[in-house]
Amino acid sequence: YGDEWIRGSERCLLDLVSHLNRDIYEPVVWCNAEAMADEVRKLDVPVIRNEFPLMLGGQAPRFNLPGLMGLVRKGNKLVDQHDIKLLHANSGAPNQWLNFVARSRRIPLLAHLHSRYPLRDRITLGLHHVSKVVGVSEPVVEQLLQDGMPKERTMVISNGIDVERLDNQPQVNLRAELGIGERELVVATVGSLIHRKGVDLILGAIYRLLNHRVPVHLVVIGDGPERGNLQSMAERLSMEERVHMLGERSDVAGLLRG
């Protein structure tokens, strides 16, 4: 379940699917975003794409019971069609309907959580009812333990890194590309340009450094709905020549090495 982009949790799932031992596991991916479906097809893995309406989610209709039941029926059909033995939900949302599928077909459901969820979402998504929760950090599972979930039904597995894929990215001479002098300080941030990432706080810090006559440039790698607001903030603070928005890039390791 995700938006039309390949970022953190999407990359985690793609790396996982890429490195599965195919002598033991035969992955099938069910997703709602065409961007994800396209990447999965490149891995020669069966992929099914459907809309994923949420009950009590942030978008209307909030009480889409027919949509929920349709996903349960589709899930049951996919389990039967592909002889699925394990369900893996790559975020909190799919557990809302996969809980029903898992119980109907008597198979385990693993919830792979990449962030913390407010109590309302933990309840409406059914996170307490899955067979096992794997969190990417201690704080992710900590809130479920505080809710009373048994510790033996939780586990922390840190995100793996495809080192070979990153090492193969050619180095980019970022200073030459952006016209930044060799004696000037470069600060880089990588991530989605969404409010909770706090890139506005980094802009504020850069502004204070410039006021202290520190010759600093900020390189922002990533894209998202906050990009326009961040550009406006840089212009408002008269430091647009010191802030470089590179947008979404697939060569982040090469940029940072450069």
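This is a predicted model: local features need pLDDT of at least 70, side-chain atom pairs count only at pLDDT 80 or more; totals for chains, interfaces and linings use all residues.
Residues are numbered from 1 along each chain as its sequence is written. Local features need pLDDT of at least 70, side-chain atom pairs count only at pLDDT 80 or more, totals for chains, interfaces and linings use all residues, and side-chain values use heavy atoms, with hydrogens and water left out.

Trainee: Which strands stand at the edges of the open sheet of four strands?

Mentor: Strands are DSSP runs of E, at least two residues, and helices are runs of H or I, at least four, numbered from the N terminus. Two strands pair if DSSP finds at least two bridges between them. The order is E3-E4-E5-E6, with parallel pairing. A strand with a single partner has one side left without a neighbour in the sheet, so the edges are E3 (87-89) and E6 (154-156).

Trainee: Which residue in E5 is the bridge partner of Leu113?

Mentor: Strand E4 (residues 109-113) pairs with strand E5 (residues 132-135) in the parallel sense over four bridges. In E5, the partner of Leu113 is Gly135.

Trainee: Within what arc do the buried residues of H6 fall?

Mentor: Buried means under 20% relative accessible area, exposed over 50%, and partly exposed in between, with a 1.4 Å probe and protein chains only. In H6, Val140, Val141, Gln143 and Leu144 are buried. They line one face of the helix, because the arc, taken from the directions from the helix axis to the C-beta atoms, is 145°.

Trainee: Which residues on the other side of H6 are exposed?

Mentor: The buried residues of H6 are covered by elements including E4, helix H5 (119-124), E5 and E6, where contact means heavy atoms within 4.5 Å. On the other side, the exposed residues are Glu138 and Gln146.
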